[in-house]
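Please read them with the structure open.

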Amino acid sequence: MSRRLLLRRLLRWLAILVLAWVSLTWLAVLVMRFVPPLTSAVMIERQLGAWVHGEKDFHLHHHWVPWSQVSPYVPLAMMAGEDQKFPFHHGFDFDSIHEAIDAADEGKRLRGASTISQQAAKNLFLWNGRSFVRKGLEAYFTVLLEITWPKQRILEVYMNIAELGNGIYGVGAASDIYYHEPPARISPAQAARLASVLPSPRRFHVDRPSAYVQRRTDWIGQQMRQLGGTDYLKQLSR
């Protein structure tokens, strides 16, 4: 077999593999536009990690709650605290990325610039980490989500799979454990408190707020009001 023919066959198989990967992943994203995901890659990773490290007291708490049964203050607080440009960007906030790069160049602490779309993609399909491979896959799934899902669906899935405490995933479980009431009854202050721990939900606690969490809760509450309250959610459908 000539070298040229071998190269053609390899390229053909590579093209088939790439096409199969894109087709399967896009199909999974398309299905989950309509079907609530039962779990997420990050939840599975956390459960496996607990088993490997012998965390016998670890319990994973999660149950899906549809958008219509969640207080509108919850998605508003998550946008106010995490990604205020969420209704307007296409998955990536390049201004925030440039600001983070400039801050790092000046020797300041490296801060994240991930959008809600990126975090939803990572939590649902990938694993925690900072490798270039993981970031590349995150960008790929972010594009798929933005192409396939409306903004409200991305935010609905995100608030159902975001880690809000050790083993506590999603607004349904968090509302039960922290507030002992259904998500539909979460108040603006309670929603801001949930969103305040999202930078590091195992370090910061909703039920035992540190001074930092209290300050961040107040800041998120102020941002919720400055965005126009729950009327800001109307931007998701534009």
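1. Which are the buried residues of helix 5? They are Ile116, Ser117, Gln118, Gln119, Ala120, Ala121, Lys122, Asn123 and Leu124. Keep in mind that this is a predicted model. Helix 5 spans residues 116-125 and is mostly covered, with nine of its ten residues buried. The cover over these buried residues includes helix 2 (41-52), helix 3, helix 6 and helix 7 (151-161).

2. Overall make-up. The protein has ten helices and two strands. Read from the N terminus, the order of elements is α-α-α-α-α-α-α-β-β-α-α-α. The C-alpha atoms fill a box of roughly 70 × 45 × 40 Å along the principal axes. Of the 238 residues, 44% are buried. The accessible surface comes to about 13600 Å², and carbon and sulfur atoms account for 59% of that surface. Take the contacts between residues at least 6 apart in sequence: 70% of them join residues at least 24 apart.

3. Helix 3 against helix 10. Two packed helices are described by the angle between their axes and the distance between the axes. Here the axes of helix 3 (residues 73-82) and helix 10 (residues 211-226) come within 9 Å and cross at roughly 105°. Helix 3 is therefore roughly perpendicular to helix 10. On the helix 3 side, the residues that meet helix 10 are Tyr73, Leu76, Ala77, Ala80, Gly81 and Glu82. Their partners in helix 10 are Arg216, Trp219, Ile220, Gln223 and Met224.

4. After helix 10. Glutamine 235 sits in the segment that follows helix 10. Is this residue buried or exposed? Glutamine 235 counts as buried, because its relative accessibility is 19% and the cut-off for buried is under 20%. Leaving aside residues up to four places away in sequence, glutamine 235 touches Pro87 and Phe88.

5. Salt bridges. A search of the whole structure gives ten. Side chains of opposite charge can pair when their charged atoms come close. In helix 6, glutamate 138 and arginine 134 lie four residues apart, about one turn of the helix. They form a salt bridge, with the closest N and O atoms 2.2 Å apart. Both glutamate 138 and arginine 134 are buried. Arg134, Lys135 and Glu138 are linked in a network of salt bridges.

6. Two further pairs. Glutamate 146 bridges to lysine 151, the closest N and O atoms being 2.9 Å apart. Glutamate 146 and lysine 151 are both buried. Lysine 85 and aspartate 93 meet through their side chains at 3.8 Å, N to O. Lysine 85 is partly exposed, at 37% relative accessible area. Aspartate 93 is buried, at 9%.

7. A nonpolar patch. Trp26, Leu27, Leu30, Val31, Phe34, Val35, Val143 and Ile147 make a nonpolar surface patch of about 740 Å². Helix 1 (3-31) and helix 6 (132-148) each supply at least two of its residues. The largest share, four residues, comes from helix 1. Isoleucine 147 lies in helix 6 and is exposed, with a relative accessible area of 55%.

8. A backbone point to check. Most residues other than glycine have a negative phi. Histidine 180 has a positive value, near 55°. Where is histidine 180? Its place is in the loop between helix 8 (170-179) and helix 9 (188-196). Histidine 180 is exposed, at 66% relative accessible area.

Definitions and conventions
Residues are numbered from 1 along each chain as its sequence is written. This is a predicted model: local features need pLDDT of at least 70, side-chain atom pairs count only at pLDDT 80 or more; totals for chains, interfaces and linings use all residues. Side-chain values use heavy atoms; hydrogens and water are left out. Patches are made of residues with over 30% relative accessible area and no salt bridge: like charges are joined within 9 Å, nonpolar side chains (Val, Leu, Ile, Met, Phe, Trp, Tyr) within 5 Å. Accessible areas come from the Shrake-Rupley method with a 1.4 Å probe; for residues, only the protein chains shown count as cover. A salt bridge is a side-chain nitrogen of Lys or Arg within 4 Å of a carboxyl oxygen of Asp or Glu. Buried means under 20% relative accessible area, exposed over 50%, partly exposed in between (1.4 Å probe, protein chains only). Axes are lines fitted to C-alpha atoms, for helices over the stretch in contact, and angles run from 0 to 180 degrees between N-to-C directions. Angles under 35 degrees count as roughly parallel, over 145 as roughly antiparallel, 65 to 115 as roughly perpendicular and the rest as oblique. Contact means heavy atoms within 4.5 Å.
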